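Here are a few friendly notes to read alongside the coordinates.

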Amino acid sequence: MADAAQLYDEVANAGAAYTSTTAASYDAKAPFDPSDDVKRLRALGLDRTKTLVDLGAGTGRVAVAAARYAREVIAVDISPAMRELFEQRRRLLWARRVRYVEAGFLSYEHEGAPVDFVYSRNALQNLPDLWKVVALQRMHDLLRPGGVLFLRMIEFDYEPPDVLERLEQHLAALPTDPAKGFTREETVAALDTRTYGWLMTVMLERCGFTIEHARHGYGIFAEYVCRRAA
Ligand SMILES: C[S@@+](CC[C@H](N)C(=O)[O-])C[C@H]1O[C@@H](n2cnc3c(N)ncnc32)[C@H](O)[C@@H]1O
């Protein structure tokens, strides 16, 4: 069987914003309070008997916040720079229940029983569609039957005739100062791995997930709560 991690270089394609010296500014550039997502994970059944894998965990914002309510959290990220930032966060009280694994969507090798939850926020869009499907199938296989995938990502909720107009509206609204968010230049450089919401639906279903909830925000953010068949 072909080895996806051999065929696609996840480190080289992870995005300069996460793998270079600029990684340290990521949390300030993209501020995010993880408490709502943790609340939602708990409402979906996360408790001290459950294991959660956070793929593309970055500096561990959600992983650390969720660890307080889980049996174990495994935070997975391809970037050594993000790992270093996570280690600073680990000093927080509950971080001892987070295991950090430096690996990617395609290379993470899970040891132990299938997990109850897979979470991923704003990371899957870094893979081209060919590899998104492989990553989604791996997430499916990582989950126990009935397990939950809570996936948040950047994707375009655009209909084909509107793509260029909506894209331009999006790019025109981006900040010019890189300290205040992702700029037009940074966003354009990453466009070739972006996909459409209507393709994501098919990809998720083809990989064996039932979509229980889907929401799109501003035409560029999406969240999916999906379940592996029981
Ligand atoms: C926008 S950040 C999001 C980080 C975190 N999930 C959050 O919401 O704070 C994207 C993360 O995806 C990671 N990443 C990029 N490509 C990846 C891959 N192929 N496998 C795993 N992580 C990847 C980057 O290193 C980065 O930490």
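1. A cavity here is a set of points, on a 1 Å grid over the protein atoms alone, where a 1.4 Å probe fits but cannot get out. Grid points are joined across faces, edges and corners, and a volume is the space filled by probe spheres set on the points. This is a predicted model, in which local features need pLDDT of at least 70, side-chain atom pairs count only at pLDDT 80 or more, and totals for chains, interfaces and linings use all residues. Residues are numbered from 1 along each chain as its sequence is written, and side-chain values use heavy atoms, with hydrogens and water left out.

2. How many cavities of 30 Å³ or more does a search of the whole structure find? The search finds 1, and the largest cavity has a volume of about 420 Å³. Its lining (residues with an atom within 4 Å of a point) has 30 residues, and Gly56, Gly58, Asp77, Asn122 and Ala123 are the closest to the centre.

3. Helices (H or I, at least four residues) and strands (E, at least two) are DSSP runs, numbered from the N terminus. At least two lining residues of the largest cavity come from each of α3, β1, α5, β2 and β4. By class, that lining has 16 nonpolar, 8 polar and 6 charged residues; Ala, Val, Leu, Ile, Met, Phe, Trp, Tyr, Cys and Pro count as nonpolar, Asp, Glu, Lys and Arg as charged, and the others, Gly among them, as polar.

4. The whole structure has 7 aromatic pairs (Phe, Tyr or six-membered Trp rings with centres within 6.5 Å; planes under 30 degrees apart are stacked, over 60 edge-to-face, the rest tilted). One of them, Tyr26 with Phe182, is tilted, at 6.4 Å centre to centre and 50° between the planes. Tyr26 lies in helix α3 and Phe182 in the loop between α8 and α9, so this pair ties together parts 156 residues apart in sequence. Tyr18 joins Tyr26 and Phe182 in a cluster linked by ring pairs.

5. Tyr119 and Phe150 pair edge-to-face, 5.4 Å centre to centre with 90° between the planes. Both are buried (under 20% relative accessible area, 1.4 Å probe, protein chains only).

6. In helix α10, Gly197, Met200, Met203 and Leu204 are buried. Seen down the axis, the buried residues of α10 fall within an arc of 110°, so they line one face of the helix (the arc is that of the directions from the helix axis to the C-beta atoms). Gly208, which follows α10, has a positive phi near 95°.

Key: Buried < 20%, exposed > 50% of the residue type's maximum accessible area, 1.4 Å probe, protein only. 1 Å grid on protein atoms, 1.4 Å probe; cavity = no way out; pocket = protein on both sides within 12 Å on 5 of 7 lines; lining within 4 Å.
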